[in-house]
Amino acid sequence: MTRFDMVLTRQGLRFRGRLFRCTIGRGGIRTDKREGDGATPTGTHRIVGMLYRPDRMARPTDWAVPIGPRDLWSDDPKHEDYNLMVRAPYPFSHEKLRRADPMYDLVILTGWNWPRAERGRGSAIFIHQWRGQGRPTAGCIGLDRGDLRQIARGIRYETRLIVPDHLANG
């Protein structure tokens with residue numbers, strides 16, 4: 001572990017000397033993550049990108065990529081684009097990145113099951129805005145909007161998300 005790592009604890013997400021309240025997947029934390037289980041996977045996950053809504057916020061870092069109206073994330077394990085950003089029109093199962101709610105106004109992308117996804121192992125694990133304290137995600141890490149923006153500004157090339165195995169419930 002380095003001082004630039006984000007570490008999930010039972011109390012929240014520890015990053016650069018601070019503890020941030022967060023939410024995790026509705027399926028808890030698992031060592032054997034599968035598509036659709038709603039779990040947050042254990043492991044050491046690289047930070048591989050950052051997306052943001054330019055119509056709702058200023059660019060949070062110089063390496064953040066704007067989310068356009070046609071941007072989607074493929075979550076169809078049967079398709080070759082599984083766990084990759086794609087563009088509409090896209091006839092296979094996907095998630096819209098440009099949402100009506102603010103949940104994906106800022107998205108930190110982890111390297112979970114990416115770039116060569118193992119089908120059925122689960123698509124992207126994002127770090128994004130929560131729906132509210134105590135309200136679980138579909139497997140991602142959810143944070144308060146202000147905390148998410150602060151964390152985004154503090155990420156460095158070597159930053160990783162660490163979800164320790166001892167937190168797993170299965």
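The model is predicted, so to speak from sequence alone: local features need pLDDT of at least 70, side-chain atom pairs count only at pLDDT 80 or more, and totals for chains, interfaces and linings use all residues. In soluble globular proteins, nonpolar side chains tend to be buried together. A nonpolar core here is a set of buried Ala, Val, Leu, Ile, Met, Phe, Trp, Tyr and Cys residues joined through side-chain atoms within 4.5 Å, where buried means under 20% relative accessible area (1.4 Å probe, protein chains only). The largest such core has 24 residues, and Met-6, Leu-13, Ile-108, Ile-127 and Ile-151 have the most contacts inside it. Among the elements that each supply at least two residues of this core are strand 1, strand 12 (106-110) and helix 1 (145-154); helices (H or I, at least four residues) and strands (E, at least two) are DSSP runs, numbered from the N terminus. A second, separate core of eleven residues includes Ile-67, Leu-97, Ala-124 and Cys-140.

Two buried polar side chains are worth a visit. Asp-5 sits in the segment before strand 1 (6-8) and is buried, with a relative accessible area of 3%. Its side chain has a polar contact of 2.7 Å with the side chain of Arg-160. A polar contact is a pair of N or O atoms within 3.5 Å; within protein, one must be able to donate a hydrogen and the other to accept it, and residues adjacent in sequence count only if both atoms are side-chain atoms. A polar atom of the Asp-5 side chain also lies 2.7 Å from the backbone nitrogen of Thr-2. Gln-129, in strand 13 (residues 126-129), counts as buried at 12% relative accessibility. The side chains of Gln-129 and Arg-145 make a polar contact of 2.9 Å.

Finally, the pockets. On a 1 Å grid over the protein atoms alone, a pocket is an open set of points where a 1.4 Å probe fits, with protein on both sides within 12 Å along at least five of seven lines, and lining residues have an atom within 4 Å of a point. The largest pocket has a volume of about 330 Å³. Of its 23 lining residues, Glu-95, Ser-123, Ala-124, Ala-138 and Cys-140 are the closest to its centre. The second largest pocket has a volume of about 150 Å³, and its lining includes Leu-8, Arg-10, Cys-22 and Leu-167.

Terms used: Residues numbered from 1 in each chain as written. Heavy atoms only, no water. Buried < 20%, exposed > 50% of the residue type's maximum accessible area, 1.4 Å probe, protein only. Points joined across faces, edges and corners; volume = space filled by probe spheres on them.
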